[in-house]
Amino acid sequence: MRAFLLIFLTIYACMHAFFFMRVRILVPSQWPFHAAFIVFLALMVLAPMGTRLLEQAGFDGAARTTGYVGYFWMAFLFLSFCALVLAGLIDIACRLVNALTSAGIPSLSGRAPIAGLLIFIALVCVYGYFEAENIRVERVVITTDKLPETVEHLRIVQISDVHLGLIVRSERLAKIVDVVRKENPDILVSTGDLLDGSADHLEGISKLFESVHPPLGKFAVTGNHEFYAGIDHSIASTHQFGFTLLRGEHTTVGGVLNVVGVDDPSVGHLPDESTILSGTANGLFTLLLKHRPETPDTSLGLFDLQLSGHTHKGQIFPFSFVTGRVYPRQSGLSSPGRGSMLYTSRGTGTWGPPIRVLSPPEVTVIELVRKNKAE
C-alpha cells in the first residue's frame, strides 16, 4: 500500500506540475498570485490522502467536504491534462507545418485557447456529474439447457462497484435500489466494492437493502475496496445489508442454480478457483461471482457465466484506454472460451470523483431462459 501511495502521489504531482506550466499564462504575473496558485495545487495533490485521514479520524463532515473538492478537482485535472497534452501535440505539428509552409496556423498555447479549453473541460465535468446520476439498465438474455424443467426462466440482477462511503450515500443507494426493485429479480448479486469506507454514518442502508426480497436470495463477493476499508468491518456490514458473502465457496440455491463466489486477490493467498468450481458438477447452471474480470484457463468450462466489475470502464474517458489495456474484457458480454461466458459491469456507483464520462453507471439484468422454450 505504501508503494502504491508513493507511486500515485508522484504521478499526481507530476500531472499538477505539467498543468501549472501550461496554464500559468492565465495567472497574473505578480508573485503572490503564482504563489497562491502553487499552494492550491499542492493542497489538491494531498487532498485524496487528507480525505482518508480525516475519515479515519472521525471528522466525517470535513472529510466529505475535502473529498468533494479534491475528487472534483481530480476529474478536472485528469481531463485537463489529457486535453492539454493533445493540444500541445497539435501545436507542435502546426508549428512544423508553419515552418515548412506559409500556412500561418495560429498557436494553441495562447491565453484564449487555454482558457477556452479549461472552460470546455469544466462543462464536461458538469455533464459527467449528471451522467453519473443516470443509472442505465443493461439487459442480457442467455439461453441454457441447465435450468430444471420446472423453471422456464430466471432473472439475475447484478450491482457492482457501488462504493458506499463518503461520496456515494443513502440518497444514491435509494435510486439504485429503486431500479433493482422494479426489475423484480429472482436473485440479486453484488460483485465487489459495495463499500468504500466506514458505513457507520450511512443511516438507512440496511433498510434500503431489506426492501429487496429476491426469492433465491442476495449474494456478494469482496472487491479490493472491502479490504482497503477493513475486511472485518466490510464482512459485518455486508451481512448486515442482508447479503450472503461467498469467500471461496459455492452453494446451490433452490435446487435451481449454483452460485460460486471468490475473494478479490487483495486478500493475499487465494484457494484454487478451479477446485472450488469443480464442486458444482451437478448439471445445473453455474454462476461465478468474481470482482475482477479475469478468467484463468484452468477455470474455463467449469462455470457458465462469470459476473465481474472493477474496471468502471475507465469511469472517465479517456481513462478507458488504460483500463482496457489491463482488462481487455472491461465491459459487456464476452466469451473467454470452452462454453464459459463473462459479463463485466461498468459499475453502479463511482469511485473518487462523482463523475462519469462516456461510461454511465449500470444495473445489469441477466435473463436465463431454458433452451427448449427459446427454440
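In helix 2, the residues F40, L41, M44, A47, P48, T51, L54 and E55 are in contact (heavy atoms within 4.5 Å) with A62, A63, T66, G67, V69, G70, Y71, W73 and M74 of helix 3. The residues of this contact divide into 12 nonpolar, four polar and one charged; here Ala, Val, Leu, Ile, Met, Phe, Trp, Tyr, Cys and Pro count as nonpolar, Asp, Glu, Lys and Arg as charged, and the others, Gly among them, as polar.

The model is predicted, with local features requiring pLDDT of at least 70 and side-chain atom pairs counting only at pLDDT 80 or more, while totals for chains, interfaces and linings use all residues. Residues are numbered from 1 along each chain as its sequence is written, and side-chain values use heavy atoms, with hydrogens and water left out.

Helix 2 spans residues 31–56 and helix 3 spans residues 60–100. Helices (H or I, at least four residues) and strands (E, at least two) are DSSP runs, numbered from the N terminus. The axes of the two helices come within 8 Å and cross at roughly 135°; axes are lines fitted to C-alpha atoms, for helices over the stretch in contact, and angles run from 0 to 180 degrees between N-to-C directions. Helix 2 and helix 3 are therefore oblique to each other, a class left over once angles under 35 degrees (roughly parallel), over 145 (roughly antiparallel) and 65 to 115 (roughly perpendicular) are set aside.

The term means a side-chain nitrogen of Lys or Arg within 4 Å of a carboxyl oxygen of Asp or Glu. D91 and R95 are four residues apart in helix 3, so about one helical turn separates them. The whole structure has 17 salt bridges.

Elsewhere, six strands make an open sheet of mixed pairing, in the order 6-7-8-9-11-10; strands pair if DSSP finds at least two bridges between them. Strand 6 (249–253) and strand 10 (332–337) are at the edges with a single partner strand each, so one side of each has no neighbour in the sheet. The twist from one strand to the next averages 25°.

Strand 10 pairs with strand 11 (residues 340–344) in the antiparallel sense over four bridges. Two residues lie between these strands in a hairpin, and R338 in the turn has a positive phi of about 55°.

| Residue | Bridge partner in strand 11 |
|---|---|
| G332 | T344 |
| L333 | Y343 |
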